[in-house]
Amino acid sequence: MTSTEQLTGERADLLQSLRLHRGFLLQTVDGLTDEQAAICPTVSALSLGGLVKHVAGVEHRWMLFAVGGAEAMEREAVDWVGQFRMEPGETLAGLVERFQGVAAQTDELVATLDLDAAHPLPQAPWFEPGARWTVRRVLLHVIAETSQHAGHADILRETIDGARTMG
């Protein structure tokens, strides 16, 4: 039994919500080919594979922040364009595997991190200067981001083949 299976209270609630929305996102790619996962079926530049890739990257970077602050988060370069699309040589299976690996790491962190620990946010135009986020706030942000992108993914999947995952 892992430590996450023993969680109760707030930690269990946060993790249950995050797992639910991760599941919605993964459900949107179930049964797709790499070609289907890579296409952008709407006028946006979003693809299903790209969304899985992006959400895994976002969760990973925010967990780096939760553990080590902005400095830890910024050690890894971000491909702001490529993070939203499947690149040549990438497969849906590989992206899902990475997504699941990141999820497992986050789940373990939820079980151990101090939810009240806080770090100053990275300097960016979309963050209030000098603001700090607790680990709890980071988890809420990751849940919101995952949920939002699961909704995007549902629209993309319905556009590809009519399948709906959230309704």
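I sorted residues by class first: Ala, Val, Leu, Ile, Met, Phe, Trp, Tyr, Cys and Pro count as nonpolar, Asp, Glu, Lys and Arg as charged, and the others, Gly among them, as polar. By that scheme, nine nonpolar, four polar and four charged residues line the largest pocket.

The model is predicted: local features need pLDDT of at least 70, side-chain atom pairs count only at pLDDT 80 or more, and totals for chains, interfaces and linings use all residues. Numbering starts from 1 along each chain as its sequence is written, and side-chain values use heavy atoms, without hydrogens and water.

I took a pocket as an open set of points on a 1 Å grid over the protein atoms alone, where a 1.4 Å probe fits, with protein on both sides within 12 Å along at least five of seven lines; lining residues have an atom within 4 Å of a point. Volume is the space filled by probe spheres set on the points, which are joined across faces, edges and corners.

Largest pocket. I read about 430 Å³ of space here. It has 17 lining residues, and Arg-61, Trp-62, Met-73, Trp-80 and Trp-126 are the closest to its centre. Helices (DSSP runs of H or I, at least four residues) are numbered from the N terminus. H3 (48–74) and H5 (135–161) each supply at least two lining residues. H3 gives the most, six.

Second largest pocket. I read about 200 Å³. Of its 13 lining residues, Lys-53, Gly-57, Arg-61, Gln-83 and Arg-98 are the closest to the centre. H3 again has the largest share, with five residues. By class I noted three nonpolar, four polar and six charged.
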